[in-house]
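Subject: Structure for you to look at

Hello,

Here is the structure I promised to pass on. Please open it and keep it beside you while you read my notes.

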Amino acid sequence: MSQPDLSIVIPVLDEAENLPRLFQALAEQRGIVLEIIVVDGGSADNSANISKAHGVVVLQSAPGRGLQMNAGAARASADWLLFLHADTLPSYAGQFRDALAQIQACNTSRVAGHFALEFERQQRKNTLLYRYMQEKTASHRRHTINGDQGLLVTRAWFFELGSFDTRLAFLEDQRIAVKVHEYGRWLMLPGHLITSARRFETEGAKTRYILMAIIMAMYAIDLREFFTRAPRVYEAQSATGRLLLTPYFRCLRAIMRDFGWRKSTQCWVQVGHFVLAESWQLFFIIDVALRPLLGKDRYPATTFHDRIFAPLTHHRFGAWVTCGLVFVYTMGVLAPWYRWRERRWLAD
């Protein structure tokens with residue numbers, strides 16, 4: 001095979017159902033020579049054999065997306081890497097050719113590319129939430145770029161950034177996204193990726209999104225106790241089922257009890273700062289909800305946030321007020337509501 005233009009690294013764990021469709025979509029890519037590297041993290045299904053049957057490079061690794069993708073990057077022979085999830089598909093046949101041409105035209109190695117997302121759904125409910133999540137993937141703001149959107153980067157700069165952080169079995173995408181923001185810049189790539197909504201539909205879309213918000217807040221304040229003590233905070237896709245939030249609220253209460261009131265208050269104030277920094281999302285969802293009236297690419301509510309709301313509220317007192325509101329809403333509203341709701345689920 002000629003020298004590949006792009007090495008695609010795909011971490012896999014029990015993805016036999018999705019791999020044939022992905023390989024077919026990659027075979028249909030035109031105008032680019034691809035090297036496809038599947039890194040299996042110990043699948044119990046036929047993922048490795050299916051990959052070998054399609055003639056791609058197959059590596060074995062310990063489980064964990066960061067570990068797996070680092071192993072694939074070390075094996076890659078192209079100058080450019082694209083990290084892609086197994087349940088994610090390109091949207092047209094020349095997409096990766098166009099993406100590589102666009103990022104190469106930047107004439108700098110310190111740039112990384114990602115795609116916007118479109119969720120492939122089996123259920124029709126929670127439409128606004130999905131529209132909001134999809135549109136947010138094109139916003140370029142911090143904490144909005146994740147692994148489902150792909151990561152296109154030079155092999156050299158990927159290793160210069162320190163590869164994927166493997167301290168946890170997940171959140172490796174968030175950590176490297178922050179490094180790109182700090183040391184280079186992000187580029188929105190052409191087209192979009194089609195990604196499965198299966199985790200949201202299996203676990204409950206709103207419930208999963210609430211847990212994601214909790215995870216991001218705990219990650220932002222570096223509360224490692226949550227990740228060491230939380231019960232199975234991010235299951236492999238093959239192990240997912242109806243998601244229960246009550247165990248996570250209990251975990252937060254136990255941590256606060258062990259920390260005492262002073263340290264717990266400090267943690268909640270840090271959460272207040274984080275939530276205040278993310279307050280644009282409340283205004284953003286208003287724009288998404290009004291999209292049929294506003295038309296494409298208009299964000300008056302978000303603009304109001306950036307120009308007026310943020311300057312008036314983003315200070316220490318605002319963080320304390322936000323801390324109190326978040327604490328009351330999380331522990332005084334959400335926790336009792338889900339405790340009552342999940343008791344009914346379990347009773348059924």
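Strand S8 gives the largest share of the lining of the second largest pocket, with three residues. Bear in mind that this is a predicted model. S8 covers residues 185-196. Strand S5 (88-90) and helix H8 (198-203) also supply at least two residues each to this lining. The space in the second largest pocket is about 410 Å³. In total, 22 residues line this pocket. Closest to its centre are Glu17, Asn18, Asp87, Ser196 and Arg198.

Now the cavities. The whole structure holds two cavities of 30 Å³ or more. Which helix gives the most to the lining of the largest cavity? Helix H7 (residues 172-183) does, with four residues. By class, the lining of the largest cavity has nine nonpolar, four polar and two charged residues.

The second largest cavity holds about 50 Å³ of space. Arg141, Arg142, His143, Thr144 and Ile145 are among the residues that line it. Gln174, Ala177, Val178 and His181 also belong to the lining of the second largest cavity. This lining divides into four polar, three nonpolar and two charged residues.

Next, the helix pairs. Start with helix H5 (residues 127-136) and helix H12 (residues 280-289). Their axes come within 10 Å and cross at roughly 115°. Because of that angle, H5 is roughly perpendicular to H12. The crossing of H5 past H12 is right-handed. On the H5 side, the contact uses Leu128, Arg131, Tyr132, Glu135 and Lys136. On the H12 side, look for Trp280, Gln281, Phe284, Ile285, Val288 and Ala289. The contact of H5 with H12 has seven nonpolar, three charged and one polar residue.

Move on to helix H11 (residues 246-277) and helix H15 (residues 316-347). Their axes lie 7 Å apart, and the helices pack at an angle of about 150°. How do H11 and H15 run, roughly parallel or roughly antiparallel? Angles over 145 degrees count as roughly antiparallel, so H11 and H15 are roughly antiparallel to each other. H11 passes H15 in a right-handed crossing. Their contact has 17 nonpolar, seven polar and four charged residues.

H11 also meets helix H9 (residues 205-220). The axes of H9 and H11 come within 11 Å and cross at roughly 70°. That angle is why H9 counts as roughly perpendicular to H11. The crossing of H9 past H11 is left-handed. From H9, the contact takes Leu211, Ile214, Met216, Ala217, Met218 and Ala220. From H11, the contact takes Tyr248, Phe249, Leu252, Val271 and Phe274. How many nonpolar, polar and charged residues does the contact of H9 with H11 have? There are 11 nonpolar residues, no polar ones and no charged ones.

Best wishes

Terms used
Residues are numbered from 1 along each chain as its sequence is written. This is a predicted model: local features need pLDDT of at least 70, side-chain atom pairs count only at pLDDT 80 or more; totals for chains, interfaces and linings use all residues. Side-chain values use heavy atoms; hydrogens and water are left out. On a 1 Å grid over the protein atoms alone, a cavity is a set of points where a 1.4 Å probe fits but cannot get out, and a pocket is an open set with protein on both sides within 12 Å along at least five of seven lines; lining residues have an atom within 4 Å of a point. Grid points are joined across faces, edges and corners, and a volume is the space filled by probe spheres set on the points. Ala, Val, Leu, Ile, Met, Phe, Trp, Tyr, Cys and Pro count as nonpolar, Asp, Glu, Lys and Arg as charged, and the others, Gly among them, as polar. Axes are lines fitted to C-alpha atoms, for helices over the stretch in contact, and angles run from 0 to 180 degrees between N-to-C directions. Angles under 35 degrees count as roughly parallel, over 145 as roughly antiparallel, 65 to 115 as roughly perpendicular and the rest as oblique. A crossing is left-handed if the near helix is turned anticlockwise from the far one by less than a right angle, and right-handed if clockwise. Contact means heavy atoms within 4.5 Å.
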